[in-house]
Amino acid sequence: MVTTVFISLLFDLLAFTMILPLMPSLLEHYRQNDSSGLYSMLTRRISWFQQMVGAPERYISVLYGGFLGSMFSFLQFVASPIVGGLSDYYGRKPLMLICGTGIALSYLLWALSNNFALFVLARFIGGISKGNISLCMSIITDVSSVKTRAIGMALVGVAFSVGFIAGPVIGALFACTLNKKSESWYVAPALCAFTLAMCDLGIIAFRLEETLPKDKRVKEISSAISYAMQFLDVRSIFNFSAIKKVSQKEINALRKIGLIYFLYLFLYSGLEFTVTFLMFHKFGYTSMDQAKMFLMTGVVMALLQGGVVRRLPPQATKPCAVFSLYLIVPAFILVGLAKDERLLYAGMFLFAISTAFAVTCLTTLVSRYGNDDQKGSVLGIFRSLGALARAIGPVVGCISFWCFGSKLTYITGGILLLYPAYALQRANL
């Protein structure tokens with residue numbers, strides 16, 4: 001079953017990451033070819049602020065990219081806990097099918113998006129359908145024990161790594177072979193992503209078995225709905241209020257891990273999201289140049305997650321998480337200071353090592369808590385905190401990039417990342 005989840009995630013992430021090296025070019029395309037008028041209307045609305053802060057006009061695409069990234073993640077914030085809670089009642093597979101269908105539809109709409117408004121709508125549908133990631137983690141939790149859970153979570157990390165290796169390369173190959181002066185050059189990569197999403201949907205429909213038996217599900221739909229409503233309350237998700245009938249010690253542990261995860265991802269995602277724009281604007285990287293960078297980071301992550309992270313004994317999970325959170329600090333400082341490719345690659349190398357451990361180890365830590373019929377809710381809340389952080393982080397990071405430039409943004413963000421690392425080191429879990 002874990003293998004099926006791995007293959008499903010891999011198809012999903014290949015499709016999802018294809019767009020990464022294409023995003024700067026896509027936004028530039030819609031700036032020049034937007035029949036809906038949405039792009040130009042937004043540009044007029046922010047022109048006064050641009051003049052006030054003296055932001056370069058060529059960085060406007062960074063700002064729009066940040067808003068799109070934040071919108072996508074905000075929708076994940078809304079969808080993930082609802083999907084997780086409903087899966088505790090209906091089972092995992094039906095909700096996986098619904099999410100997979102929505103994701104495939106979003107790529108089809110991207111292929112048809114001859115204007116910026118349709119592209120935004122495609123990203124909207126994709127974001128609200130992205131509850132499948134938390135469901136995959138719930139499935140792994142269903143079929144694993146405390147001792148084997150780290151292996152399953154590490155395989156999720158491997159899927160992310162392989163996706164971030166191959167997906168951007170596929171996107172870059174499209175960028176290199178297609179004529180970007182054509183008004184519909186984006187159709188081919190969009191249809192490729194749609195095909196991958198349909199393969200994922202087929203795997204879910206015909207290979208995925210239900211992993212949550214009826215006797216372990218929430219007994220009433222009202223319970224699942226009440227969980228979902230609580231998940232939309234920011235205070236409630238930070239307090240893990242939906243998790244009942246567990247000790248206060250467990251609740252306190254969940255709250256500590258959740259807050260650390262949120263702070264880490266808020267800062268991390270804001271800096272991570274702007275990397276493609278930094279490479280595009282500061283270093284003049286083409287889509288293929290960016291793909292090579294993603295290839296390097298993806299290979300490092302895959303090797304570590306496949307060879308090290310999945311073999312970590314339970315007692316090593318927290319120390320490795322602390323190590324990874326500290327390591328991200330010099331990674332972003334080096335990227336901010338980089339004036340040539342050597343420092344940039346050094347920073348991204350440390351970034352890859354840190355990323356290989358951080359989220360997987362934190363997810364493994366949080367998955368230890370809660371009763372069997374609450375695992376979906378616990379991981380749904382956890383994913384929701386991550387999605388909330390990613391909903392705020394990219395737009396804050398891109399606004400800072402737009403106003404103050406990359407150097408100050410990355411160095412400040414890197415220094416602030418010391419806090420979640422220190423907090424986790426001090427936490428008694």
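Colleague: At what angle do helix α5 and helix α6 pack, and how far apart are their axes?

Modeller: First, the ground rules. This is a predicted model, where local features need pLDDT of at least 70, side-chain atom pairs count only at pLDDT 80 or more, and totals for chains, interfaces and linings use all residues. Residues are numbered from 1 along each chain as its sequence is written, and side-chain values use heavy atoms, with hydrogens and water left out.

Now the helices. Helices are DSSP runs (H or I, at least four residues), numbered from the N terminus. Axes are lines fitted to C-alpha atoms, for helices over the stretch in contact, and angles run from 0 to 180 degrees between N-to-C directions. Helix α5 (residues 92-111) packs against helix α6 (residues 116-128) at about 170°, and the axes are 8 Å apart.

Colleague: What does that make α5 relative to α6?

Modeller: Angles under 35 degrees count as roughly parallel, over 145 as roughly antiparallel, 65 to 115 as roughly perpendicular, and the rest as oblique. Here α5 is roughly antiparallel to α6.

Colleague: Which residues of α5 and α6 meet?

Modeller: Contact means heavy atoms within 4.5 Å. From α5 come Gly 102, Leu 105, Ser 106, Leu 109 and Trp 110. They meet Leu 118, Phe 119, Leu 121, Ala 122, Ile 125 and Gly 126 of α6. By class, the contact has eight nonpolar residues, three polar and no charged. The classes: Ala, Val, Leu, Ile, Met, Phe, Trp, Tyr, Cys and Pro are nonpolar, Asp, Glu, Lys and Arg are charged, and the others, Gly among them, are polar.

Colleague: Is Leu 105 buried, exposed or partly exposed?

Modeller: Buried means under 20% relative accessible area, exposed over 50%, and partly exposed in between (1.4 Å probe, protein chains only). Leu 105 has 45% relative accessibility and counts as partly exposed.

Colleague: Where does Lys 130 lie, and what does it contact?

Modeller: Lys 130 is in the loop between α6 and α7 (132-143). At 3% relative accessibility, Lys 130 is buried. Beyond its neighbours within four places in sequence, Lys 130 contacts Asp 12, Phe 16, Phe 72, Gln 76, Ser 80 and Ile 103.

Colleague: How is the chain divided into domains?

Modeller: Domain bounds come from an automatic or database domain assignment. The chain has domain 1 (1-232) and domain 2 (245-428). Their centres, taken over C-alpha atoms, are 18 Å apart. Domain 1 puts 59 residues into the contact and domain 2 puts in 48 residues.

Colleague: How many residues does the largest nonpolar core have?

Modeller: A nonpolar core is a set of buried Ala, Val, Leu, Ile, Met, Phe, Trp, Tyr and Cys residues joined through side-chain atoms within 4.5 Å. The largest one has 127 residues. Those with the most contacts inside it include Trp 110, Phe 119 and Leu 362. Both domain 1 and domain 2 give residues to this core, so it lies between them.

Colleague: What does Leu 362 contact?

Modeller: Past its neighbours within four places in sequence, Leu 362 contacts Ile 257, Tyr 261, Ala 321, Leu 325, Phe 382 and Leu 424.

Colleague: Which residues does Cys 398 touch?

Modeller: Cys 398 sits in helix α17 (residues 375-404) and is buried at 0% relative accessibility. Residues up to four places away in sequence aside, Cys 398 touches Val 62, Leu 63, Gly 66, Phe 273 and Thr 274.

Colleague: Where is Met 301?

Modeller: Met 301 is in helix α14 (residues 287-307), buried with a relative accessible area of 7%.

Terms used
Helices (H or I, at least four residues) and strands (E, at least two) are DSSP runs, numbered from the N terminus.
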